Amino acid sequence: MIVLKTNGEIKAMQEAGKIAAGALRAAGEAVEPGVSTETVNRIAEEYIRKHGAIPTFKGYSGFPAASCISINDEVIHGIPSKNRIIQPGDIVSIDTGATFKGYVGDNAATFAAGEISPEAQRLCDTTRESLYEGIKMAVAGGRLGDIGSTIQRYCEERGFSVVREYTGHGVGRVMHEDPSVPNYGTPGRGVRLLPGMTIAIEPMINQGVAGIRQLPDGWTVKTKDGKLSAHFEHTVAITSNGPIILTMV
C-alpha cells in the first residue's frame, strides 16, 4: 500500500533527510586511499547520532553497520570492515540513512579515492546525472515508468547498463515502503504519481553488463563481469508544485 504524506510529514522527512545528507557528505569527505571502510562508516554513524537521529541501516534485517560501503565492482550492500582499505583510484559508493522523529531519510553517492580513471569518472558522472534526470520526471500526474525510462535511456545511450534486480522504493516511517521504483521502464506506464508520495530514486549503473551476483556473506552484491558500478540516491517528495529533494544539506 502506498502511503501519501501530509505537508507536515514531508517537512518532518526533510529534517531526517538533512541529517542523512550530512552524514553522507561527512563520510564521503573521509574517502581517501589508506582509510578503512569501517572508519568511513563510523564517521557516518557518529554524525547521525550527534544530530539526534538513529542510523536506519544498523540492524535492518540484520545488517551490521550504519552504512553500506561498496567499492569498484561492488554494486550495493558492501559491509564496512577495518580490513577493507580504500586504494588509490577506487570508486566508493556509500549508502546511508537516518531516522529522526519517526521518519527516514535515505541517500547514496559514489566518491573518488584520489585520481580515478576517465572511464570511472564518466560512469560516476552519468549515474549522478541520470538521478537528476529521473527526479525531473517525479511530477504529480506522471507515472513511475516516466522516471525509470528516463534513467534507463540516459545511461544506456552512454554505453552503460542498468541493474534490474534492485530498485528504488517508497520511504516514510520505514525505509522500504511501496512502491518499488525501477531504474528502467516504459514512459506512461506504471503507478500514477500523486502529491504526497515520497520515494527513493536510486540508479545503480554498471560499466559492463547489467548482471550481478551476491557474495556468500548474504549482503554484498557485485557486477557479474567484474566491471565497475556506481550508485546515487535521493529521497524525493512529489508535490503539486513539482519534486522536492528531501536529502539535501
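These legends walk you through a few close-up views of a predicted model.

**View 1. Helices α3 and α4 pack against each other.** Helix α3 covers residues 118-136, and helix α4 covers residues 144-156. Their axes lie 8 Å apart and meet at an angle of about 150 degrees. That angle makes α3 roughly antiparallel to α4. The crossing of the two helices is right-handed.

**View 2. Here are the residues that make the contact of α3 with α4.** Look along α3 for T126, E129, S130, E133 and G134.

**View 3. Strand β14 is largely enclosed by the rest of the structure.** This strand takes in residues 234-239, and six of its six residues are buried. In a regular strand the side chains alternate between the two faces of the sheet. Here, H234, V236 and I238 point one way from β14, while T235, A237 and T239 point the other way.

**View 4. Strand β14 pairs with β9 and with β15.** Strand β9 (residues 198-201) runs antiparallel to β14, and four bridges join them. A237 has I244 as its bridge partner in β15. Together, β14 and β15 form a hairpin, with two residues between them.

Definitions and conventions. Residues numbered from 1 in each chain as written. Predicted model: local features only at pLDDT ≥ 70, side-chain atom pairs only at ≥ 80, totals over all residues. Heavy atoms only, no water. Axes fitted to C-alpha atoms, helices over the stretch in contact; angles between N-to-C directions. Parallel < 35°, antiparallel > 145°, perpendicular 65-115°, else oblique. Left-handed = near helix turned anticlockwise from the far one by under 90°. Contact = heavy atoms within 4.5 Å. Buried < 20%, exposed > 50% of the residue type's maximum accessible area, 1.4 Å probe, protein only. Pairing = 2+ DSSP bridges.
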